[in-house]
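The following paragraphs lead the reader through one structure, step by step. Please keep the sequence and the model in view while reading.

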Amino acid sequence: PFTHIFMCDIGFPPETLKKLGETFNRSASPYLICCHNQKLMIEKYKYNVELMEQFKISLSGSGENHTIYIYKRDLSKYNQTGSL
């Protein structure tokens, strides 16, 4: 399994983020790193994660500034068998 998933997801359409959330929630990956805050990722797109840390970054090629959010899987959403 993957140890983490990183998405530079600034331009992803809502339907893509929703589908990725469904896929992530079925995966065994314990971490998610992306460019969206918890209001979007948890409340709107229903990712089963909790925020660990966030920090500002600057992309070297484009010079764009973004906030990166590091999430860990929210294990309280799982039963003892590891499924939802």
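Contact means that heavy atoms lie within 4.5 Å. By this criterion, and not counting residues up to four places away in sequence, Val49 touches Phe24, Ile42, Tyr71, Lys72, Arg73 and Asp74. This is a predicted model, in which local features need pLDDT of at least 70 and side-chain atom pairs count only at pLDDT 80 or more, while totals for chains, interfaces and linings use all residues. Residues are numbered from 1 along each chain as its sequence is written, and side-chain values use heavy atoms, with hydrogens and water left out.

Strand β3 covers residues 49–58 and pairs with β4 in the antiparallel sense over 9 bridges. Strands are DSSP runs of E with at least two residues, helices are runs of H or I with at least four, and both are numbered from the N terminus; two strands pair if DSSP finds at least two bridges between them. Glu50 has Lys72 of β4 as its bridge partner. The hairpin of β3 and β4 has 6 residues between the strands, and Gly63 there takes a positive phi near 75 degrees.

Thr67 belongs to strand β4, residues 65–73. Is Thr67 buried or exposed? Thr67 is buried, with a relative accessible area of 15%; buried means under 20%, exposed over 50%, and partly exposed in between, with a 1.4 Å probe and protein chains only. Beyond residues up to four places away in sequence, Thr67 touches Cys34, Cys35, Gln54, Phe55 and Lys56.
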